[in-house]
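Please open the structure in the viewer and keep the selection tool at hand.

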Amino acid sequence: MAVIPVALGGRSYEVQVARGLIEDAGHHLAPYLRKREVPVVVDANVRRLWGARIEAALAVEGHQLRWFEVPPGEGAKSWEWLARLTDWLLDQGVERGDHVMALGGGVVGDLTGFACAILKRGCGFVQVPTTLLAQVDSSVGGKTAINTAAGKNLVGAFHQPSLVLADLDVLGTLPPRELRAGYAEVLKYGVLGDRAFFDWLAANGAAVLALEEAALEHAVATSVAAKAAIVAADERETEDKRALLNLGHTFGHALEAETGFSDRLLHGEGVALGMVLAARYSARIGLLTAPDADKVAAAVGAAGLPASLSAIGLDCNGKTLVAHMLHDKKMDAGTLPFILLHAIGEAFVSRDVALADIAAFLDEELAR
């Protein structure tokens with residue numbers, strides 16, 4: 001087992017990475033569960049696959065689970081489901097000292113975390129992420145949010161979990177496309193700050209995607225450790241350190257918006273293509289060598305992820321995609337920061353990018 005601390009003073013917690021954590025969840029979660037009845041937020045697919053197992057594991061410690069199901073997909077990250085969940089938690093008698101369990105992917109974790117952030121001005125929650133993307137990204141760091149008509153994750157709060165159990169066994173039930181989408185976030189940590197990890201993934205990415213135990217645990221633990229270090233240094237993104245985690249996201253969120261935040265383009269797929277675009281734009285303006293930009297694209301493509309705009313069949317122009325970017329929550333005084341690259345493993349925040357130039361670049365990429 002790998003145990004990664006997220007060092008945040010009085011709000012510190014651990015991320016545990018191993019196989020079999022759900023089967024032993026009663027032991028791991030016992031310190032956080034004060035009451036016999038435990039509220040659990042889950043999507044219907046995850047409950048079908050893992051609900052009985054975690055229910056049995058908690059029963060060993062004398063706990064009974066109370067389930068709140070949300071529909072699979074981004075649609076659950078909404079005002080409607082936030083209201084339903086908070087009303088349900090109040091009906092369950094959840095108090096500030098209690099913990100709610102989030103059992104699912106990033107949607108369930110984001111929704112549950114935000115509900116717990118605002119319920120009685122803050123109650124506890126634990127994350128049991130069931131997708132690779134959630135294990136290496138959204139379950140760690142305390143960013144919680146819902147989507148609105150104006151864009152993705154525009155309403156939310158920072159609210160750290162008390163524990164994260166990243167059980168590698170659950171990844172075996174993921175559809176291949178979901179697994180690849182999660183791998184995009186693993187690859188991101190190498191591209192933004194760890195050239196050695198990027199090179200390791202180039203050699204071992206196929207083993208990670210094949211869920212080979214040693215490679216998978218190393219990839220997840222290394223990714224979590226990278227994020228934990230960044231979060232500990234810049235929890236609320238008041239400096240540029242945590243902003244580096246947005247590599248690929250500004251482009252990616254625009255692509256997600258253009259495709260209607262739908263299954264047409266999964267979040268991880270958008271991030272993967274966004275990283276390629278960030279690398280190519282960095283090369284276009286002379287910051288990154290063309291061979292390094294090609295290596296980023298090759299790593300994305302080798303994982304079966306979209307590595308060009310033509311791969312997702314958009315019917316728009318660069319100006320349309322830039323218009324989506326104007327709703328980005330990172331806009332500050334009319335300026336949108338971009339995460340660009342000096343080299344693989346050397347990302348930085350640029351605040352002097354002209355959006356007209358981004359639009360022209362995207363027109364070039366659309367015409368490829």
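The model shown is a predicted one.

**First stop: two cysteines**

Select C123, which counts as buried because its relative accessibility is 3%, under the 20% cut-off. How far is the sulfur of C116 from the closest cysteine sulfur? The distance is 3.7 Å, to the sulfur of C123, and this is too far for a bond. A disulfide would require the two sulfur atoms to lie within 2.5 Å. C123 is accordingly in no disulfide, and the structure as a whole holds zero disulfides.

**Second stop: Q135**

Move on to helix α5, residues 132-138, and pick out Q135 within this helix. Is Q135 buried or exposed? Q135 is buried, with a relative accessible area of 0%. To display its surroundings, select P129, V140, A166, D167, L168, V170, L171, V220 and V224; these are the contacts of Q135 once neighbours within four places in sequence are set aside.

Select residues 249-258, which form helix α10. This helix is mostly covered, with eight of its 10 residues buried. Which residues of α10 are the buried ones? They are H249, T250, F251, G252, H253, A254, L255 and E256.

Two strands, β8 (151-158) and β10 (338-343), are among the elements they pack against. The helices that the buried residues of α10 pack against are α6 (176-193), α11 (267-284), α13 (318-325) and α14 (355-366). After α10 comes G260, a residue with a positive phi, near 75°.

Two packed helices are described by the angle between their axes and the distance between the axes. Here the axes of α13 and α14 come within 7 Å and cross at roughly 130°. The two helices are therefore oblique to each other, and α13 passes α14 in a right-handed crossing.

To view the contact itself, show the side of α13 formed by G318, K319, L321, V322 and M325. These residues meet L355, I358, A359, L362, D363 and L366 in α14. The residues of this contact divide into eight nonpolar, one polar and two charged.

Definitions and conventions: Residues are numbered from 1 along each chain as its sequence is written. This is a predicted model: local features need pLDDT of at least 70, side-chain atom pairs count only at pLDDT 80 or more; totals for chains, interfaces and linings use all residues. Side-chain values use heavy atoms; hydrogens and water are left out. Buried means under 20% relative accessible area, exposed over 50%, partly exposed in between (1.4 Å probe, protein chains only). Helices (H or I, at least four residues) and strands (E, at least two) are DSSP runs, numbered from the N terminus. Contact means heavy atoms within 4.5 Å. Axes are lines fitted to C-alpha atoms, for helices over the stretch in contact, and angles run from 0 to 180 degrees between N-to-C directions. Angles under 35 degrees count as roughly parallel, over 145 as roughly antiparallel, 65 to 115 as roughly perpendicular and the rest as oblique. A crossing is left-handed if the near helix is turned anticlockwise from the far one by less than a right angle, and right-handed if clockwise. Ala, Val, Leu, Ile, Met, Phe, Trp, Tyr, Cys and Pro count as nonpolar, Asp, Glu, Lys and Arg as charged, and the others, Gly among them, as polar.
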